[in-house]
Amino acid sequence: MTTDLGTPAHRTGLDAVPRLTEGVSLGKKDFTSASEVRWCPGCGDYAILAAVQSFLPELGIRKENVVAVSGIGCSSRFPYYLDTFGMHSIHGRAPAIATGLATARPDLNVWVITGDGDALSIGGNHLIHAMRRNVNLTILLFNNRIYGLTKGQYSPTSEIGKVTKSTPAGSVDAPFNPVSLALGAEATFVARTLDSDRKHLTSVLRAAAEHRGTALVEIYQNCPIFNDGAFDVLKDRQESTARLIHLEHGREVRFGAPEAERVVVHRPDGGLEVVDAADAGDRPVVVHDVAAEDPTAAFALSRLDDPTMQHVPVGVFRAVQRPTYDDLVRAQVDDARRAAGGGADDEDLARLLAGSDTWTVPSSQ
């Protein structure tokens, strides 16, 4: 039985998805449904939706071959607003449903839309196993550090001491770092971006969509009602320059204003730290490598971030190639059919599965 597929570097997540007929093009309107968008005024979801609707036409694929699967939460209304196929599923289970779709239908471009509560609380187990298996999915995780749909309880990414309706004395839970979690689960593509940075968001979406395997994109997203201003320090021009670390493959990790440049260097214990460029001395500046097979370096970069957002790496942390779950499963099925000779019974089964919804079973008498 053949299981060693290997995944050549040139393969992408769109390989098997039908392309548009030559001369045909789509625009944002083609991916915008007639449903009324119902989020709170000022919600960061609006910016993400607009970016996705504008970006999808760039893929050059039929909208009938795009599927958005969501769980439960404010972000999970997304499928209603895209004029594609989609499913508003059950709490935390979107990755499981999307796994079945991606495995059964290689001709689909499958997206999972989820939030920090949906993905990291009740859905945590489904999320980590989708990443571990490397299913060909693009997962957008909207992180607003709060439960918005259920009116303001603390979430798995809320900072310690967060006062909410469910933690009136302040949360005592240590929060997840979604990027660290994804890297620990061996996700083959991991990135972070912000709802308010359209250019950066679109570039990350493009890279994620092209990736073959599970692509996890964390998007910092503002909830104006229950956690307003959670990321304001990253959106203020002066503060963002001093805090945001833009990761670029093959380049030294440097950030900050020219007169106050900072760099990332190795600590003696093997971890990373941020120092003033003028104080780095002969310590080499870390060079970012998204293609490193070992995720240790990417994980160390993810640990520079903490709830204070003093240093926040954004961009692609990891982008490596390995066989995908759905490719491997389909290969096993094909091998089993070949081994069985692919006879008349096999043809009858294929015709049955692809045929009408009802059929007649002949009597054995």
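**Starting at the sheet**

Select Ser70 first: its bridge partner is His88, in β2. Pairing here takes at least two DSSP bridges between the strands, and strands are DSSP E runs of at least two residues, helices H or I runs of at least four, numbered from the N terminus.

Before going on: this is a predicted model, with local features needing pLDDT of at least 70 and side-chain atom pairs pLDDT 80 or more, while totals for chains, interfaces and linings use all residues. Numbering runs from 1 along each chain as its sequence is written, and side-chain values use heavy atoms, leaving out hydrogens and water.

Now show the whole open sheet, eight strands with mixed pairing, in the order β2-β1-β3-β4-β6-β5-β11-β7. At its edges, pairing on one side only, are β2 (85-88) and β7 (244-246).

**On to the helix**

Next, pick α7 (residues 198-210), which packs on the sheet and touches, among others, β5 (189-194) and β11 (312-319). Contact means heavy atoms within 4.5 Å.

**Last stop: His288**

Select His288, in the loop between β10 (272-276) and α10 (296-302). Is His288 buried or exposed? It is buried, at 3% relative accessible area; buried means under 20%, exposed over 50%, partly exposed in between, with a 1.4 Å probe and protein chains only. The His288 side chain reaches the backbone oxygen of Val316 at 2.8 Å. Beyond its neighbours within four places in sequence, His288 has contacts including Leu247, His249, Arg251 and Phe317.

Methods
Axes are lines fitted to C-alpha atoms, for helices over the stretch in contact, and angles run from 0 to 180 degrees between N-to-C directions. A polar contact is a pair of N or O atoms within 3.5 Å; within protein, one must be able to donate a hydrogen and the other to accept it, and residues adjacent in sequence count only if both atoms are side-chain atoms.
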